[in-house]
Amino acid sequence: DLVVLRVLPDSPAAAAGIVAGDVILKIAGQSTVNIEPSEAQMLMRGPVGTTVVVELRRGEKKQRLTVEV
């Protein structure tokens with residue numbers, strides 16, 4: 001599982017509502033099963049003002065959040 005360990009204050013992830021302990025399931029439609037953390041970071045980056053859709057699990061609930069990079 002790709003678990004969020006911490007979220008930097010004032011970061012795009014924090015603004016989108018991602019919190020420590022969230023389990024990221026998909027980034028931009030791509031499964032995170034067996035993904036390397038560095039690859040996940042690359043998928044989360046992009047030009048300023050672009051968005052990335054992140055699907056995650058928080059506890060038993062699945063959520064889809066849009067992160068503005």
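## Arg57 and Asp1

Arg57 is partly exposed at 28% relative accessibility, a class lying between buried (under 20% relative accessible area) and exposed (over 50%), computed with a 1.4 Å probe on protein chains only. Asp1 is exposed, at 82% relative accessibility. The model is predicted: local features need pLDDT of at least 70, side-chain atom pairs count only at pLDDT 80 or more, and totals for chains, interfaces and linings use all residues. Residues are numbered from 1 along each chain as its sequence is written, and side-chain values use heavy atoms, with hydrogens and water left out.

A salt bridge (a side-chain nitrogen of Lys or Arg within 4 Å of a carboxyl oxygen of Asp or Glu) joins Arg57 to Asp1, at 3.8 Å from N to O. This pair links distant parts of the chain, 56 residues apart: Arg57 lies in strand β4 (residues 51-58) and Asp1 in the segment before β1 (2-3). Helices (H or I, at least four residues) and strands (E, at least two) are DSSP runs, numbered from the N terminus.

## Asp22 and Arg58

Asp22 and Arg58 form a salt bridge, with 2.7 Å between the closest N and O atoms. Here too the pair links distant parts of the chain, 36 residues apart, with Asp22 in the loop between α1 (12-16) and β2 (23-27) and Arg58 in strand β4.

Asp22 is buried, its relative accessible area being 0%, whereas Arg58 is partly exposed at 30%.

## Arg64 and Glu55

The structure holds three salt bridges. One of them pairs Arg64 with Glu55, the closest N and O atoms lying 3.1 Å apart. Arg64 is exposed, with a relative accessible area of 60%.
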